[in-house]
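Reader: I am new to reading protein models. Could you take me through one, feature by feature?
Author: Gladly; let us look.

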Amino acid sequence: MGGRGSGRKPKRKFSPIEEKKEVIEIDDSYPSPVSGETGTPLRSIICVRNREHIKNFEKTEECFILEFDPNDSLDILEFSVSKNTEGGDSPDLHVLAEKGQVACRDYPHPRHNCVKYPFEKTPHVSHCELCYCYVCDLAAPCKKWVGASGHCHALNNESWNNERTQKRQLDMMAKNTG
């Protein structure tokens with residue numbers, strides 16, 4: 001037994017160099033997402049390398065790979081630090097970038113909290129498009145905006161808060177009688 005005519009195939013030993021190969025079939029009956037025709041569901045991979053091309057690819061492609069972090073907008077080399085401190089800026093602090101919105105700049109705010117026209121450094125009558133009157137709660141400028149006791153000077157303190165309260169009470173009485 002066990003001779004040459006036993007009908008058994010000799011066992012094949014694989015050397016470490018040989019690898020088992022597996023065949024993968026792609027089913028062409030699946031409809032292609034691009035053309036609607038039958039074909040492979042596989043599509044080409046697009047890799048975007050700079051920010052300028054993102055908008056073009058967003059219009060035509062559902063999915064693409066970015067070779068950079070789109071949220072990382074800070075590139076120190078793009079900024080130059082000036083030695084000029086005459087504008088009142090601190091030489092020790094330089095804002096290189098910001099992320100997100102700033103409440104007192106990007107949302108409606110009372111005039112005394114305006115970032116675009118700082119209350120202590122600019123004329124009080126100045127206002128941005130999002131400033132509102134602290135007393136009237138109306139977009140700046142209100143009817144009583146200018147003058148020595150104008151609402152442009154209003155800020156969050158006891159005397160202006162009293163005037164604000166009185167204005168609201170008058171408005172409520174006018175609304176109830178009218």
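**Reading the model, step by step**

Author: Start with one residue. Ala103 has a relative accessible area of 48%, so Ala103 is partly exposed. Buried means under 20% relative accessible area, exposed means over 50%, and partly exposed lies in between (1.4 Å probe, protein chains only). This is a predicted model: local features need pLDDT of at least 70, side-chain atom pairs count only at pLDDT 80 or more, and totals for chains, interfaces and linings use all residues. Residues are numbered from 1 along each chain as its sequence is written, and side-chain values use heavy atoms, with hydrogens and water left out.

Reader: In which element does Ala103 sit?
Author: Helices (H or I, at least four residues) and strands (E, at least two) are DSSP runs, numbered from the N terminus. Ala103 belongs to helix α2, residues 103-106. Ala103 and Asn113 are 10 residues apart in sequence, and their C-alpha atoms are 9.6 Å apart in space.

Reader: How many helices and strands does the protein chain have?
Author: The protein chain has 3 helices and 4 strands. Their pattern along the sequence is β-α-β-α-β-β-α.

Reader: What share of the protein chain is buried?
Author: Of its 178 residues, 16% are buried. The protein chain exposes about 15600 Å², and carbon and sulfur atoms supply 53% of that area. Such areas come from the Shrake-Rupley method with a 1.4 Å probe; for residues, only the protein chains shown count as cover.

Reader: How do I read a nonpolar core?
Author: In soluble globular proteins, nonpolar side chains tend to be buried together. A nonpolar core is a set of buried Ala, Val, Leu, Ile, Met, Phe, Trp, Tyr and Cys residues joined through side-chain atoms within 4.5 Å. Here the largest one has 13 residues. Those touching the most other members are Cys131, Cys133, Val135, Cys142, Trp145, Ala154 and Trp160.

Reader: Which residues does Cys142 touch?
Author: Contact means heavy atoms within 4.5 Å. Leaving out residues up to four places away in sequence, Cys142 touches Cys133, Cys136 and His151.

Reader: Is His151 buried or exposed?
Author: His151 is buried, because its relative accessibility is 3%. His151 lies in the loop between β4 and α3. Beyond residues up to four places away in sequence, its contacts include Cys133, Cys136, Lys144, Trp145 and Glu163.

Reader: Where does Glu163 lie?
Author: Glu163 is in helix α3. Its relative accessible area is 31%, so Glu163 is partly exposed. Not counting residues up to four places away in sequence, Glu163 touches Val135 and His151. Glu163 and Val135 are 28 residues apart in sequence, with 6.8 Å between their C-alpha atoms.

Reader: How many disulfides does the structure hold?
Author: A disulfide is a pair of cysteine sulfur atoms within 2.5 Å. The structure holds 0.

Reader: What about Cys136?
Author: Its closest cysteine sulfur is in Cys133, at 3.8 Å, too far for a bond. Cys136 counts as buried, because its relative accessibility is 14%.

Reader: Which ring does Arg164 lie over?
Author: A charge sits over a ring if NZ of Lys or CZ of Arg is within 6 Å of the ring centre and within 35 degrees of the ring normal. Arg164 lies over the face of Tyr134, at 4.3 Å from the ring centre. Arg164 is in helix α3 (residues 158-177). Arg164 is buried, because its relative accessibility is 17%. Apart from residues up to four places away in sequence, Arg164 touches Tyr134, Val135 and Asp137.
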